[in-house]
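Work through the exercises below with the model open beside you. Each task is followed by a solution in steps.

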Amino acid sequence: MTTLLEPLRRIAAYAVCADSDGRVLLVRASERSGTPGTWSLPGGAVDHGEDPKHTVVRETAAETGLSVAVAALQDVLADMRALPGRGITIHTDRLLYTVSVRGGTLADRVDRPTDLARWFTLDEARELPLRSFAARALGLPTATDDVVPGEVPEFPSFYAVPGPDGLHRAQRFAAYAVVTDPEERVLLTRVSDGYPGAGCWHLPGGGTDYGEQPGAALIRELVEETGQTGRLVELLGVASHRDAASLGPEGYPIDWHGVRAFYRVVVDQPAPPTVADVGGSTCEARWFRREELGALPTDRLTEVTAEAVHAAHLL
């Protein structure tokens, strides 16, 4: 039955917030939501072009009446759920941030997708009908009433839709790897002609598939783009970049918003890089020694590559 539902995809960001007594901040889904009565972390969908950290602050204030400050990225995960009553299946890429309260007054909402905001001890939260991603973030059992589709629906890896100004816009979630080997060389890929950033050096990785976890996606992309088998070590961060008139193989300007999780990956047995996806967005892959990487001009690196290698303390 769920395979007949219309597939949708979104990116969302959430707050993991504890007070001085160790209680956690949760919100309840109202009758206007797809899962009424369930409890979750404050947060919601990332608007086009919005930095997810700003989403967390904005949504937490709207849902709870509290102003928060983002402290750190805690986790990135994905899930699918079917909402037969609405005729849709949703894949959500969820960014979880640890936050602290700056001020405000806890408040309930009327006639909104969430209606209550409360502080709970972990023991109290354990007894609530928690959304699975919220339970995971709090280290609690992940029993859930979410309906998970039996099959992954077909969904394009890239799609652009007309925006309010008539310009096409696209928002895409991707996962990338800062890859090193035992000699501390760094693996980069070069962007093919005809794609945004053509000729620049980029991180291995790319857009995740519908129903796919980001870590699994980047390990898959690593093999396809470079021929290397790697192991995931840690989540380093999330980059949010917007190009208001990106030009790619589509041949027309696209207001592009990319949200990219980047991870540290180690290849224990490196091999000469090979690009399996010939004719795609990657035309070359190469191992760089630290001094070679440091000698590359800044404009030869894509934005996410520069941000990620700095986060990994490789530059």
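**Exercise 1. Helix H6 and what follows**

Find the residue just after H6 that takes a positive phi, then list the buried residues of the helix and their cover.

Step 1. Just after H6, His-313 takes a positive phi of about 60°. Helices (H or I, at least four residues) and strands (E, at least two) are DSSP runs, numbered from the N terminus. This is a predicted model, in which local features need pLDDT of at least 70 and side-chain atom pairs pLDDT 80 or more, while totals for chains, interfaces and linings use all residues. Residues are numbered from 1 along each chain as its sequence is written, and side-chain values use heavy atoms, with hydrogens and water left out.

Step 2. H6 spans residues 303-311, and its buried residues are Val-304, Thr-305, Ala-306, Ala-308 and Val-309. Buried means under 20% relative accessible area, exposed over 50%, and partly exposed in between (1.4 Å probe, protein chains only).

Step 3. The cover over these buried residues includes S9, strand S10 (186-191), S11, strand S13 (231-246), S14 and helix H5 (290-295). Contact here means heavy atoms within 4.5 Å.

**Exercise 2. The buried face of H4**

Compare the span of H4 with the expected value, and explain why its buried residues line one face.

Step 1. The expected span is 1.5 Å times one less than the number of residues.

Step 2. Pro-214, Gly-215, Ala-217, Leu-218, Glu-221, Leu-222, Glu-225 and Thr-226 are buried. Down the axis of H4, these buried residues fall within an arc of 155°, so they line one face of the helix. The arc is that of the directions from the helix axis to the C-beta atoms.

Step 3. An α-helix has 3.6 residues a turn, so residues three or four places apart point the same way.

Step 4. Just after H4, Gly-227 takes a positive phi of about 80°.

**Exercise 3. Aromatic pairs**

How many aromatic pairs does the structure hold? Classify the pair Tyr-14 and Phe-133, then the pair Trp-201 and Phe-288.

Step 1. There are six aromatic pairs. Rings of Phe, Tyr and Trp (its six-membered ring) pair if their centres lie within 6.5 Å; planes under 30 degrees apart count as stacked, over 60 as edge-to-face and the rest as tilted.

Step 2. The ring centres of Tyr-14 and Phe-133 are 4.6 Å apart and the planes stand at 50°, so this pair is tilted. Tyr-14 is in strand S1 (residues 6-17) and Phe-133 in helix H3 (residues 132-138), 119 residues apart. Tyr-14 is buried at 4% relative accessibility, and Phe-133 is buried at 2%.

Step 3. Trp-201 and Phe-288 have ring centres 4.9 Å apart and planes at 80°, so this pair is edge-to-face. Trp-201 lies in strand S11 (residues 201-202) and Phe-288 in strand S15 (residues 282-288), so the pair ties together parts 87 residues apart in sequence. Trp-201 and Phe-288 are both buried.

Step 4. Phe-155, Tyr-159 and Tyr-210 form one aromatic cluster.

**Exercise 4. The largest nonpolar core**

Which residues of the largest nonpolar core touch the most other members?

Step 1. The core has 28 residues, and Val-76, Leu-95, Tyr-97, Val-99, Phe-173, Val-179 and Val-238 touch the most other members. A nonpolar core is a set of buried Ala, Val, Leu, Ile, Met, Phe, Trp, Tyr and Cys residues joined through side-chain atoms within 4.5 Å.

Step 2. S1, strand S5 (66-83), strand S6 (88-104), strand S9 (168-180), H4 and strand S14 (254-266) each supply at least two residues of this core.

Step 3. Apart from this core lies another, of 20 residues, among them Tyr-14, Leu-26, Leu-130 and Ala-137.
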